Amino acid sequence: MCGIVGAVSQRNIVPILVEGLKRLEYRGYDSCGVAVHQDGGLRRARSTSRVAELQAQADQDGIAAGTGIAHTRWATHGAPAVHNAHPHFSAGPNSGNPAGAEAVGRIALVHNGIIENHDELRAELKARGYVFASQTDTEVIAHLIDHLYSGDLLDAVQQALPRLKGAYAVAVFCRDEPHRVVAAREGSPLVLGVGEGENFVASDAMALAGVTDQIVYLEEGDVVDLQLGRYWISRLDTTTGRFGAVQREVKTVHAHSGAAELGPYRHYMQKEIFEQPVAIANTLDAVTGISPELFGDGAYRVFKEVDKVLILACGTSYYSGSTAKYWLESIARIPTSVEIASEYRYRDSVPDPRTLVVTISQSGETADTIAALKHARAQGMKHTLTICNVATSAMVRECELAYITRAGAEIGVASTKAFTTQLVGLFLLTLALAQTRGHLGEADEARHLKNLRHLPVAVQAVLALEPQVIAWSEEFARKENALFLGRGLHYPIALEGALKLKEISYIHAEAYPAGELKHGPLALVTAEMPVVTVAPNDALLEKLKSNMQEVRARGGQLYVFADGDTAIESEVGLHVIRMPEHYGALSPILHVVPLQLLAYHTACARGTDVDKPRNLAKSVTVE
Ligand code: M6R
């Protein structure tokens with residue numbers, strides 16, 4: 001998703017800005033740009049190509065200076081095209097351009113997020129003589145700041161912000177103030193990087209790795225004024241209606257550069273699938289026993305005060321939450337509901353203060369999940385916990401309790417190791433809640449811990465199935481549709497398998513609880529329809545076998561990942577890959593792995609851009 005980097009320095013900051021964008025590339029983007037204050041004016045390079053091309057373009061155009069901003073754009077308003085790429089320049093009555101020259105005003109701006117009242121502002125600014133060169137919602141902010149500017153950029157930005165409705169992070173500089181960048185956030189992440197005699201902003205500390213490790217996590221509503229060797233943070237005091245100074249802690253952050261080597265792998269997704277045994281082992285590293293305190297100080301008191309769980313998440317994280325519902329209800333005996341964050345945030349639900357609100361997120365920056373969390377809290381549900389892969393993220397900072405998964409940086413847009421480590425975190429949460437509620441004896445605790453610790457070895461054995469999955473993927477690559485079936489605990493795994501296949505191979509895939517097939521989707525089954533089935537040897541196996549018969553009777557092709565002792569054998573129309581071992585309650589963590597491999601190899605066979613699938617972004621920081 002969109003990324004911002006900005007700097008005020010004495011040295012040429014273009015290579016730093018471009019390197020910062022490269023570190024944010026994994027989030028997904030469709031155009032990029034950089035603008036600097038050079039020779040008394042605004043200069044920029046923009047491209048719909050890769051960030052590496054942007055550097056070449058900037059070099060060729062001689063773009064180099066100490067003050068600048070840069071951006072990767074993921075299109076929301078207006079097509080992915082150069083004229084819509086950021087940075088945007090103001091252009092209007094104050095531009096002072098010679099006749100015939102490109103309309104270049106005095107304000108340069110980059111923006112993440114969505115401005116909801118852009119139509120209204122556009123009409124107003126057009127009436128004032130501003131000229132729009134893009135279809136973006138962003139351009140209105142540049143013009144608005146230009147309109148309000150009277151010699152002090154900070155003052156103009158502070159006047160403009162209350163007029164914006166929506167979510168944003170912005171960074172802006174002005175032709176008339178060569179050593180100044182002003183940045184602000186409201187709903188989209190932004191950090192300040194403090195250097196020696198120079199200062200930076202970025203949408204993620206990772207973008208500044210190697211430049212500075214002194215990071216301030218700006219809070220909602222913060223405005224930061226960056227100059228050479230000094231910065232000043234302010235925010236609107238709603239009682240006085242004025243902006244006043246605020247102090248924020250500077251943290252030493254050893255951000256991962258994100259530039260992980262691919263090693264022997266073709267794509268980050270493949271690498272990340274194969275990293276799962278280590279990621280799971282790392283996530284379990286500090287766990288010596290089950291205790292609420294694994295989730296933070298005060299967790300015991302919180303767990304005692306709640307008698308319901310509400311899980312909020314999006315995408316793959318929603319499916320890990322959906323899996324955990326089965327665990328939480330059957331092991332911890334606690335009623336659990338799981339909500340898609342983008343729906344929950346607007347739903348008129350019935351709040352219960354004795355609820356533990358659990359958010360799940362790889363990035364910790366997903367706008368819908370953060371908004372859903374705030375919505376739950378605003379409704380009086382104060383007990384919040386997150387399962388998150390990024391310790392410094394907004395989600396962790398917003399929640400009372402946290403379990404940090406240690407999957408390491410996940411670069412591929414398709415989430416893999418984040419999912420399995422989330423499941424580990426959620427299983428630990430289940431056990432801790434079960435213990436607090438008197439449903440976990442010592443023998444059960446020891447058994448579950450033993451199974452958790454064996455997971456890395458068990459996942460490794462599943463990864464060895466890759467050659468068999470590759471053989472299937474060649475068949476799948478020729479299909480345009482696929483169905484996924486699972487039951488109980490493995491229904492969310494079928495959903496996750498379908499999501500993986502559709503997002504990277506662009507094959508239309510849907511998942512159903514197998515018992516639901518006869519209520520509609522069976523009409524889709526023909527010899528052309530591959531039906532992937534997750535078949536663990538659990539209490540629902542015989543029911544699942546009946547559902548498989550319904551598919552076979554209609555000529556459907558079954559592709560079954562079956563536990564060894566299920567007695568499901570390959571025959572015509574029935575293809576079976578045998579899972580190495582049955583894994584009881586933790587079986588979803590094993591069964592999802594071949595589905596990840598199937599999606600990955602099918603996408604490779606179709607030649608798609610596996611790590612950066614079309615239209616998608618890694619970290620979805622807009623609504
Ligand atoms: O960072 P998050 O876990 O909050 O992200 C949620 C979804 O955007 C994410 O899981 C998405 O569905 C993935 N691309 C799935 O592979």
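The lining of the largest cavity comprises 2 nonpolar, 7 polar and 2 charged residues (Ala, Val, Leu, Ile, Met, Phe, Trp, Tyr, Cys and Pro count as nonpolar, Asp, Glu, Lys and Arg as charged, and the others, Gly among them, as polar). The model is predicted: local features need pLDDT of at least 70 and side-chain atom pairs pLDDT 80 or more, whereas totals for chains, interfaces and linings use all residues. Residues are numbered from 1 along each chain as its sequence is written, and side-chain values use heavy atoms, without hydrogens and water.

**View 1. The largest cavity.** Its volume is about 60 Å³. Among the lining residues are W74, H77, H86, H111 and D137.

**View 2. The second largest cavity.** This cavity has a volume of about 30 Å³. Its lining includes R487, P536, D538 and L544, and divides into 5 nonpolar, 1 polar and 2 charged residues.

**View 3. The interface of domain 1 and domain 3.** Domain 1 spans 3-252 and domain 3 spans 464-623, with bounds from an automatic or database domain assignment. About 940 Å² is buried between the two domains, 59% of it on carbon and sulfur atoms (accessible area, 1.4 Å probe, that two parts lose on being put together, summed over both). On the domain 1 side, Y26, R27 and W74 lose the most area to domain 3, together 49% of what that side buries.

**View 4. The salt bridge R50–D609.** The closest N and O atoms of R50 and D609 are 3.6 Å apart (salt bridge: a side-chain nitrogen of Lys or Arg within 4 Å of a carboxyl oxygen of Asp or Glu). The rule finds 1 salt bridge across the interface of domain 1 and domain 3.

Notes. On a 1 Å grid over the protein atoms alone, a cavity is a set of points where a 1.4 Å probe fits but cannot get out, and a pocket is an open set with protein on both sides within 12 Å along at least five of seven lines; lining residues have an atom within 4 Å of a point. Grid points are joined across faces, edges and corners, and a volume is the space filled by probe spheres set on the points.
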